[in-house]
Structures are given as structure tokens and as C-alpha cells.
Amino acid sequence: QDKQFLKTLPGKANLKVDFKLSLVRPQHGPMTGAAGEWSKSRGRKLQVSEVSLALGAVCCWAFASEAFIGTHGSGRIWRIFQARQVTRCSGRRSEGSSVVSSLQDFLRKTTQQRVSEFRARGAHQEGRYGIQAHDTCGRLAGDSWLLPVEAWIFRNNLGRHKTRLAISQKAAEIRHGIGKITDLEQQRWEERARLIYRNIAFRGGENQRPLEVRFRGQSGSSPWMRLPVNTDELGRVSCELRVPTSDVEQWSGGSAWLDVEVRGSRLERGSLGSFAWRLGSRRSGKAHLHLEASQGVTVISDVDDTVKMTKVFAGKDVVVRNTFFKEFEPVPGMPELYSEWARTLPGVSFHFVSNSPPELLEPLRNFSIQAGFPRAPLHLRPLTGKDRDDFKAKKIESLIQMSPQRKFILVGDSSESDARIYTALSKSYPDQIMKILIRQVHRRCKVDDKVFESLDPSSWQVFKEPDEVSL
């Protein structure tokens, strides 16, 4: 092996691979795959008589090009695979030695090329797997805190789905009248549509993966803790950890927030696939956890046309353009209103509940932070499955039930069914829901006051501008 080449890579672990190389008569069939590429590079029509040759060449080529390049993970861990050839030639021995030498050169050049490609992409490039952690709210339960952990494992698809993206973009242009777009809009389309395609072509690698979590605060951090459940078939996990109050207070240092990190568990052992997963999952997903007091005010808000300009009332064509091509824009005055509540309401916490798909969590979370909204969990409706039915009503009701001593403000808009949903919830939980606020998005989307006829007039308000709101 070329020791100088091995020295150019940080760290080294050896895995010896034995394979046999044979040169035989043509009637046994042509070589395929990586071995075929090598034979073409030699300019000779070599043939295979034993499976060991094809498996050996493909195995070495796969190790060199996929196993240690494709599982770089954090960019710090590498594996160098050394091959030990055993030759058996039907011709002269010198010819066999020449063939072995050329195969070594081919594998080395292929590996060098893959390493160069990886390094050119930069250390910031994601690995084979990615982990996305969700913002959550913890709550007191006796002498302990219940700290929810929600995360999603997905296969990184940077550079993938080019055909799907091109076809779906053309379909959007035809069906929704999307005309000429700018380079920046094209970039947004590729970024956001590719997030949707994370759910496509799953191969089971995200299922039953063990994860571990760590909480960080102003005064310290927890050790890495194994989650009690593994991921489901979609790569998602949702659970709660019961942590003593003394530990949480020690980590938080009096703050109402903890940073959350989720990564693949180091405890997993097994096949090369598991090894690849452990390396690829070293880059942890990060989120925030709000330590919610037992008593206080919780603001539950819709997203589209309540805090973000989507214009659902204008039809699907406009919604598609504003969701996938345009920069997200806040509803004027709403960031200031929510920031004022964050400063003045006692023990306040925020939740955003939306029918947008969870694949858009990253751009929506970035939008809310950049627009100046308080940091809050985003509860998004799945693209498929039974959880889509009455998602908003069920999610809000579960949040109310989990905090029986807290008061709630429900904020929505007139373009959807928010008024009807909030009214039904207010009837079921009259002592907890203190106010319903509905933003009138357009003169064509007025709210029928009869929806609220069974409620106390002071418990609801329809407004056009945020400065009209009164609690």
C-alpha cells in the first residue's frame, strides 16, 4: 500500500480484505461494476471465472468510495481500508503481478478522487444522516420536571432528487401559473422542495435507531442520556424524560430555557450499516426547551396569515408561490404584539400550531426568529397519516389538558376555520381559555359573529390591526 497516501488522512484503522484475482479464458463472461471499470482502464477485455474476483474488486472499491467517504459524519473520523491481494494466474506470474499492481493503482486513484471531492465540499457539508430536534416546553410534575424530546432522523438529500425537483417545478409552473422566477426564487424552491422530498424513497435506515440527548443551561449540562424509545418507521421519536427538579435547577441556573442536543447513541453496535449510522449521526440536532411554570399564560397561535403572510384566501396558486418561492414575511405589527406579551404577561409561554408540513420546520423556525417572534415550539401537521384529521383542534386540546392551571390565549385568522375551532374549545374549557383573537385578513373573509354567540362578548375579539387588540 502507498503509505504516503495513508499518511495524508487523519487517523487510521485497518480492515483487511482478502480476495482472489484470476485471469481466464473469455468464455466465462465479462466483468461488471467496478471490476469492469478497472478492466476498461487497462484497455484489455479481462474475464471472470470466479465470483471472488467480482466480489473482491467491488468490495474494495465500495469500501474505498462509500464506507469511509460516505460515513465521514463529523469530518473527524476516518477509516482506511487496506486490501491484501492473493493472486492466482493462468498465465505468467509477471502478468499477474502487473494486474495486481494496476488494480492497486485504480483503487488508490478512485479513493483519492473521492477524498478530494469530499474535501472540496467543505467541512460544513452534512453527512449521510441528519437529525432535526424540535423546540419543546417542559412542565413540572411533583418534585420532577417532564422534559419532552422530539426529533427526526432523515437522509440528507443534498444534490439528490434533481429529476423530481425539475418535474415538480414544471408542474407548479403549469398548474399554479408560476411565471418567470428569479435566481433567488429558484434557490428557495430547491431548498424548500428538497425538504419535502426527505420523506421520499426511505429505505428503512431511519427505523429503530437509538438516540441520546443532552440538556445545557447557564450553569451546566446533563450527561448524554439514552432516550427510552427508538425512532419509528419514519425516523421520528417523541418521548418525555422525568428529571429531578434539583438537576434542572442546577443546569438552568435560574433561566427558563435549556438548550437541547440530540444525536445517535454511541451504544449501538453491529453491522457496517450501524457503524455508518453512528458516524453519520455525530452531528447533533439542536433545539430549545422552555421550562414552563405551572401557572401563567400560554399563547397558542396559528401561523399562516396570523403571523406570516401566506394569503390563503387568495387561492392555491398564491399559497404555492408564497410557500416555496417567496421570502417569508411577517404580518405587520404581530412581532411587536407578541414581544410585548412576552414582556408583560405573567409566566408566559408560546406555541405555534399550523397545518404546514413538518418538513418546513427549519425555514419556519428561522423565519420566526428573524422576524422577532418569541422562541416557541412549532406543531406542524404531518403530510400523511391519521394524525392529519382535525390536527389543529386535537393538538391545542392536548396542550390545554397538559397544563390545567394555566390560562390560554388563542390567536388565529379569518381565512380558515380558526374561529369555529377556538369557540368549540372555549366551550369545553371555559375556565382556561381567557381570550380568542381572530385577525380579519381581507374584506372578503369576514368572521360571522354568530360563531361566538354562546360566548361571553369580552372573551373574543376580531381585529384588523394588531394595535386594536385588547386582553
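Predicted model: local features only at pLDDT ≥ 70, side-chain atom pairs only at ≥ 80, totals over all residues.
## Aromatic rings and nonpolar cores

Residues are numbered from 1 along each chain as its sequence is written, and side-chain values use heavy atoms, leaving out hydrogens and water.

**Aromatic pairs**

- A search of the whole structure finds 12 aromatic pairs; rings of Phe, Tyr and Trp (its six-membered ring) pair if their centres lie within 6.5 Å, and planes under 30 degrees apart count as stacked, over 60 as edge-to-face and the rest as tilted.
- One of the pairs is Tyr338 with Phe352, stacked at 6.3 Å centre to centre with 5° between the planes.
- Tyr338 belongs to helix H10 (residues 334-344) and Phe352 to strand E12 (residues 349-354), so this pair ties together parts that are 14 residues apart in sequence; helices (H or I, at least four residues) and strands (E, at least two) are DSSP runs, numbered from the N terminus.
- Phe352 is buried too, with a relative accessible area of 3%.
- Phe452 and Trp460 are also stacked, because their ring centres are 4.3 Å apart and their planes are at 15°.
- Phe452 is buried at 1% relative accessible area, and Trp460 is buried at 19%.
- One aromatic cluster is formed by Phe328, Tyr338, Trp341, Phe350, Phe352, Phe367 and Phe373.

**Charges over rings**

- Arg192 has its charged end over the ring of Phe328, 4.0 Å from the ring centre (the rule asks for NZ of Lys or CZ of Arg within 6 Å of the ring centre and within 35 degrees of the ring normal).
- Arg263 has its charged end over the ring of Trp224, 3.9 Å from the centre.

**Nonpolar cores**

- The largest nonpolar core has 37 residues, and Tyr338, Trp341 and Phe352 are among those with the most contacts inside it; such a core is a set of buried Ala, Val, Leu, Ile, Met, Phe, Trp, Tyr and Cys residues joined through side-chain atoms within 4.5 Å.
- H10 gives the most to this core, with 4 residues.
- A second, separate core of 24 residues includes Val237, Val248, Trp251 and Leu258.

Conventions
Buried < 20%, exposed > 50% of the residue type's maximum accessible area, 1.4 Å probe, protein only.
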